[in-house]
Every structure is written in structure tokens, then in C-alpha cells.
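Biologist: I'm new to reading protein models, and I get lost when everything is shown at once. Could you pick one spot, take a close look at it, and then walk me through other parts from there?

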Amino acid sequence: MIDIPANLAHVRQRIALAAIKAGRSPAETSLLAVSKQQSLTAIRQVLDAGQRDFGENYLQEALPKIQSLGGENIVWHFIGPLQSNKTRAIAEHFSWVHSVDRAKIAQRLSRQRPENLGSLNVCLQVNIDEEDTKSGIPVAQALPLAQLVNTLPNIRLRGLMAIPRRRQDNSDAFQKMSALFRQMGASGEFVCWDTLSLGMSADLESAIAAGSTLVRVGTDIFGRRKNSG
Ligand SMILES: *Cc1c(COP(=O)(O)O)cnc(C)c1O
């Protein structure tokens with residue numbers, strides 16, 4: 001049997017230890033529980049253990065969960081690939097989007113964001129390994145896209161996100177992301193620039209060592225997904 005509360009406690013402990021080892025405060029890195037392909041029952045167990053931020057990759061799968069858990073105080077993050085025909089529902093149901101990589105998508109999200117919900121928090125996804133198959137902007141386009149997104153009225157630009165290529169050790173990719181994040185923040189032109197969304201179950205330690213402020217963890221909280229992806 002999977003003991004979800006114990007798994008969650010263990011992940012939190014790993015985050016704290018990694019932070020201390022890196023000379024950072026454990027409070028500088030928050031935890032996003034990635035609940036894609038997980039049941040409502042499992043999500044409720046994570047909620048009951050005090051977790052508030054949840055991430056989903058697929059709109060169709062997320063909407064019924066968001067509706068069922070509507071009475072709960074959950075902050076929903078969209079972390080999957082974005083299509084134009086999905087932006088309205090995403091703008092209406094999520095507080096954060098981590099995977100913005102095109103101006104057109106950002107403009108639609110801003111236009112479609114309901115006024116009563118306040119600004120939508122956005123990270124730009126960077127294709128740090130410049131893989132053909134991966135979503136995300138090349139490093140060189142991060143600053144120009146950020147400057148454009150920063151002008152949109154209903155978007156609050158928060159920082160950067162990346163999913164490095166699967167390999168033994170992601171430290172170099174994470175360090176590259178961290179350098180880009182600091183360099184872009186140094187100008188002071190982005191006023192809420194505070195989020196570096198890096199690290200998953202297998203590599204959260206090296207992400208935190210590089211400066212991650214938010215790790216996205218699915219498997220090590222919920223157990224393996226049915227269609228592991
Ligand atoms: C699935 C997913 C995760 C979680 O991955 P685990 O290895 O299960 O922790 C994190 N980020 C994104 C973007 C994902 O799609």
C-alpha cells in the first residue's frame with residue numbers, strides 16, 4: 001500500500017535537507033504536488049496533510065477535479081502543454097500557468113482572465129536543452145518574451161520553468177536556468193520575479209542546490225502513475 005501522508009512528509013524532509021545542504025532556507029522552496037492521473041481520493045489525502053498547491057497537465061482531466069474539490073482552498077497550477085483553444089478554461093480555473101512559451105498564448109490568457117480572479121501568475125517555460133521535441137522557448141528568446149508578457153494587464157510574470165532532458169545528472173541544466181533567472185531578474189524590470197520552477201521527484205535535490213524556488217513532485221508523493229509520463 002502507498003502511504004501518501006508518509007510520502008509527502010518524506011518529500012518535505014528531502015526539500016528541507018537539500019536546502020540546508022545548499023546553505024538556503026527551507027522556506028525558500030515551495031512544493032507543488034503534481035496530481036495528474038491521480039484520483040480524487042489520493043488528492044484528498046494530500047490535501048488533508050496540509051498541501052495546498054496542486055499541478056495538472058491536461059485540462060480535460062483537471063476540470064472535473066477542480067469542480068469536485070471546489071469547496072477546498074486549493075491553488076491550481078497548470079504545468080502542461082498549452083493550446084490556443086484551451087486558454088479560456090485555463091484562465092478561468094487556474095491561479096498559475098508554468099508553461100507559457102508563446103506571445104499569442106500569453107495574450108489570450110490575459111484577455112480571457114476573468115476580472116474578479118485578479119492577475120494570472122505566469123512562468124515562461126524554457127527549453128533549456130534546446131530539444132526539438134520539447135515545449136519551451138530557447139534561452140535567447142526568454143528576455144524578449146518576458147518583456148512582452150510583462151506588458152499584459154491581467155498577467156503577473158513570476159519567473160521561469162524548465163523540464164530538462166532525462167539524464168543521470170541535471171545539475172548543469174539547472175545551473176544554466178538559475179543563471180538565466182538571476183540575470184533576467186537583475187534589471188528590476190519584472191516586479192514580481194520570484195519563481196524558478198525546477199525539479200521533480202528524481203532530481204529535486206540538485207534543483208534546490210541550483211536555486212529552485214518551487215519543485216513539482218508527482219511520483220514520490222502519489223506513487224507511480226498508471227500511464228507513466
Ligand atoms: C509529471 C510532471 C511532474 C512530476 O514528475 P514526477 O517525476 O512524477 O515527480 C513535474 N513537472 C511536470 C511539468 C510534469 O509534467
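Modeller: Let's start at Gln-125, which lies in strand β5, residues 120-125. Strand and helix names follow DSSP runs numbered from the N terminus (helices are H or I with at least four residues, strands are E with at least two). Before going on, keep in mind that this is a predicted model, where local features need pLDDT of at least 70 and side-chain atom pairs count only at pLDDT 80 or more, while totals for chains, interfaces and linings use all residues. Residues are numbered from 1 along each chain as its sequence is written, and side-chain values use heavy atoms, with hydrogens and water left out.

Back to our spot. Gln-125 has 4% relative accessibility, so it counts as buried. (Buried means under 20% relative accessible area, exposed means over 50%, and partly exposed is in between, using a 1.4 Å probe and protein chains only.) Who are its neighbours? Skipping residues up to four places away in sequence, Gln-125 touches His-98, Ser-99, Val-100 and Asp-101, then Ser-135, Gly-136 and Ile-137, and also Met-161 and Ile-163. Contact here means heavy atoms within 4.5 Å.

Glu-130 has a positive phi of about 50°, although it is not a glycine. With 48% relative accessibility, Glu-130 counts as partly exposed.

Next comes α6 itself. Its buried residues are Ala-142, Leu-145, Ala-146 and Val-149. They cover an arc of only 105° around the axis, which puts them on the same side of α6. (The arc is that of the directions from the helix axis to the C-beta atoms.) These buried residues pack against our β5, and also against β4 (96-100), α5 (103-112), β6 (155-161) and α7.

Lys-176 has 48% relative accessibility, so it counts as partly exposed. Look for Ile-128 too: it is 48 residues from Lys-176 along the chain, yet their C-alpha atoms are separated by 7.7 Å.

(The expected span is 1.5 Å times one less than the number of residues.) Buried in α1 are Ile-4, Leu-8, Val-11, Arg-14, Ile-15, Ala-18 and Ala-19. They sit on the same side of α1, because they cover an arc of only 130° around the axis. The face turned away from that buried side carries the exposed residues Leu-17, Ile-20 and Lys-21. Among the elements covering the buried residues of α1 are β1 (30-34), α2 (40-48), α8 (204-210), β8 (214-217) and α9 (219-222). Just after the helix, Gly-23 takes a positive phi of about 70°.

Zoom in on Leu-8 for a moment. Leu-8 is buried, with a relative accessible area of 1%. Leaving aside neighbours within four places in sequence, Leu-8 is in contact with Leu-31, Val-46, Ala-49, Gln-51 and Ile-221.

(Axes are lines fitted to C-alpha atoms, for helices over the stretch in contact, with angles from 0 to 180 degrees between N-to-C directions; under 35 degrees is roughly parallel, over 145 roughly antiparallel, 65 to 115 roughly perpendicular, and the rest oblique.) Where they meet, Ile-4, Pro-5 and Leu-8 of α1 touch Ala-42, Gln-45 and Val-46 of α2.

Helix α2 has buried residues of its own: Ala-42, Ile-43, Val-46 and Leu-47. Down the axis of α2, they fall within an arc of 145°, so they line one face of the helix. Exposed Thr-41 and Asp-48 are on the face turned away from that buried side. The cover over the buried residues of α2 includes α1, β1, β2 (53-56), α3 (59-68) and α9. Finally, check both sides of this helix: Gln-37 is in the loop between β1 and α2, and its phi is near 60°, a positive value in a residue other than glycine. Just after α2, Gly-50 takes a positive phi of about 100°.
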